[in-house]
Amino acid sequence: MSDLVPVLTLPEIYSPFVRAREFLRWQELESRFEKMYHKKPAFIARAPGRVNMIGEHIDTTGYSVFPLAIERDVCMAALYIPGPGHLRVELANVTSRFSHTSFTCDLTRPESLELTTKSAHRWSNYFKVAFRGLLYEMPPEVVNSAHGVLHVLVDGTIPPDSSLSSSAAMTTASSLVVLTAFGMHKTIGRSRLAQRAISSERLIGVSTGGMDQTVSVFGEMGKAIFVSFVPELHAEPIQMPKWDEYLFLVSNTLVNSDKKANAPTQYNLRVVETRIASFLLSKELGVQLTFPFQFPSPLRAVADAYWAANPNAFEEMMNKFEDVRAAYNDAGKEVAQLQAMLNLVENILPRRGLTRGEVEQLAGLSSDAFHHQFLSQAPVHTTHFFLHHRAFHVYSEAQRVIRFRAICDATSSRLERGEACDVHSSYQRLGSLMNESHESLQRMYDCSCPELDCVVHIARQAGALGSRLTGAGWGGSAVHLVPRDNLDAVMKALRNTYYSMRVGYIKEDALSDALFVTNPAQGACIVMCS
Ligand code: GLA
């Protein structure tokens with residue numbers, strides 16, 4: 001199968017449930033483009049948002065995650081007209097929240113793509129980083145001949161700041177516009193697009209892991225996507241067993257989760273905490289790590305390097321720790337090695353929060369060296385670093401992803417072989433893993449908030465088998481695993497309690513943006529306009 005981004009038609013992109021609505025939306029987008037730029041668009045680039053079933057805040061460390069693309073997306077109608085002078089990029093958005101903006105650049109001088117801090121034009125940075133990320137991929141003849149004007153009109157349906165990955169969809173769609181406008185969509189495949197979208201988003205200032213961009217590129221209708229990062233980026237579409245009977249319901253708390261604005265005290269700070277934890281673990285375990293590292297945090301690298309350098313260590317830990325042997329018997333070596341890492345975390349990292357002075361002392365680093373090693377890439381603000389809790393979350397969440405996938409695989413293969421299989425009990429176990437994930441995010445990673453805890457609680461009480469925050473947290477959305485028979489009850493409970501009492505009256509169409517069942521959707525694609 002070709003790895004190129006597919007060129008599709010509308011019915012190939014959306015499920016029958018939303019096709020009519022999307023058809024009208026796309027027609028409107030094309031006609032607004034024409035009114036605005038007095039020309040028809042040449043193509044529309046589309047990239048979806050995502051919901052993550054399990055595996056939160058571990059893609060930054062290289063551990064696998066299990067999301068699915070959703071039908072809500074970012075569509076960009078575009079037309080490139082070659083002409084004289086430097087390249088001018090004209091950007092407009094169908095919502096007034098993002099004002100019309102433009103910038104001129106000379107692709108032979110990357111510094112002409114400097115990011116802007118002016119709030120009204122800040123969203124043009126998505127395009128600037130898309131160009132910057134793709135510059136390495138562009139053949140010199142494209143770089144040298146990119147003159148004229150690129151007209152773009154954007155329309156997104158992913159609620160902003162909802163943790164459903166609107167920013168990765170923007171980054172991915174922007175990169176896809178650049179690829180397609182300059183004809184590179186015929187040579188540059190999806191893996192490189194995903195990798196470039198990941199590095200582009202990091203240029204915006206978030207030490208993102210890569211899950212969002214990868215699933216946005218590789219999403220498949222009706223399938224979840226198992227994303228692994230080691231030894232290299234890989235996206236595997238997985239058909240969940242009896243998915244028509246068990247649904248993933250999203251509820252947006254309507255508490256804004258602005259990953260970029262809050263990065264220094266939230267997302268990036270957590271990444272820095274896991275980097276420091278890796279440093280202390282590697283020091284204590286005698287593992288050599290070279291910074292900077294492939295992933296924002298090397299927690300996985302420490303574990304992998306430790307097992308590789310100490311062939312007898314795992315056997316010794318199986319003999320020493322009962323929980324490691326139990327994990328081995330129950331779920332195999334990978335899960336047991338992670339259990340061993342959890343024991344090492346308990347023994348090596350203090351449980352309490354540590355001041356910067358205390359951390360420097362443990363690390364044996366001067367203040368300058370500490371700054372250089374951990375704080376120079378992105379600013380973070382905190383009085384205390386919680387190293388034990390962050391590392392504990394990462395290793396235990398990595399275990400949950402492996403267990404989750406194993407349950408899905410075992411259930412599907414029993415069903416395929418026509419063997420007796422209690423599908424409901426499989427989903428109950430998946431739900432328990434989701435609940436454990438939420439507990440860990442809440443207590444260990446400290447990225448939940450009262451509103452997320454509230455919707456999670458309501459959904460579980462009303463019949464969800466599992467509920468957890470999804471995405472970065474600190475607001476945004478939760479995902480609930482709900483048997484079809486309980487769907488009405490769970491939706492009703494959320495509507496009548498959280499949405500009506502907490503948020504006050506919320507209009508039906510706004511509610512359908514906040515509370516919806518996800519249909520696993522097609523990933524990034526291009527539609528040529530006639
Ligand atoms: C954000 C990031 C992802 C991932 C999630 C948390 O969505 O962009 O890379 O880290 O948070 O799992």
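The structure is a predicted model.

**Annotated domains**

An unreviewed UniProt entry places "domain: Galactokinase N-terminal" at residues 32–78.

**Nonpolar cores**

In soluble globular proteins, nonpolar side chains tend to be buried together. The largest nonpolar core in this model has 165 residues. Phe 131, Met 240 and Tyr 395 have the most contacts inside this core. Helix 8, residues 267–285, gives the most to the core, with 10 residues. Another core, of 19 residues, lies apart from the largest one; among its members are Leu 8, Leu 29, Tyr 37 and Ile 44.

What does Phe 131 contact, leaving aside its neighbours within four places in sequence? The residues are Leu 87, Val 89, Phe 103, Leu 107, Leu 113, Met 138, Leu 150, Val 178 and Phe 182.

**Helix 9**

Helix 9 covers residues 299–309. Its buried residues are Leu 299, Arg 300, Ala 301, Val 302, Ala 303, Tyr 306 and Trp 307. The cover over these buried residues includes helix 8, helix 10 (313–320), helix 12 (333–348) and helix 15 (387–416).

**The ligand site**

There are 13 residues around the ligand. Those that come nearest are Glu 56, His 57, Asp 59, Asp 212 and Tyr 267.

| Residue | Part of the residue | Distance to a ligand oxygen atom |
|---|---|---|
| Thr 208 | side chain | 3.0 Å |
| Gly 209 | backbone | 3.0 Å |
| Tyr 267 | side chain | 2.5 Å |

Taken alone, the ligand exposes 310 Å², and the protein buries 99% of that area.

**Asp 161**

Asp 161 lies in the loop between strand 5 (148–156) and helix 5 (166–181). Is this residue, Asp 161, buried or exposed? Asp 161 counts as buried because its relative accessibility is 19%, and the cut-off for buried is under 20%. Not counting residues up to four places away in sequence, Asp 161 touches Arg 97, Ser 166, Val 255, Asn 256, Ser 257, Asp 258 and Gly 476.

Notes:
Residues numbered from 1 in each chain as written. Predicted model: local features only at pLDDT ≥ 70, side-chain atom pairs only at ≥ 80, totals over all residues. Heavy atoms only, no water. Core = buried A, V, L, I, M, F, W, Y, C linked by side-chain atoms within 4.5 Å. Buried < 20%, exposed > 50% of the residue type's maximum accessible area, 1.4 Å probe, protein only. Helix = DSSP H or I, 4+ residues; strand = E, 2+ residues; numbered from the N terminus. Contact = heavy atoms within 4.5 Å. Near = heavy atom within 4 Å. Polar contact = N/O pair within 3.5 Å; in protein donor to acceptor, adjacent residues only side chain to side chain. Areas by Shrake-Rupley, 256 points an atom, 1.4 Å probe, with all protein chains shown as cover. UniProt positions renumbered as here; feature names shortened; annotations may be inferred.
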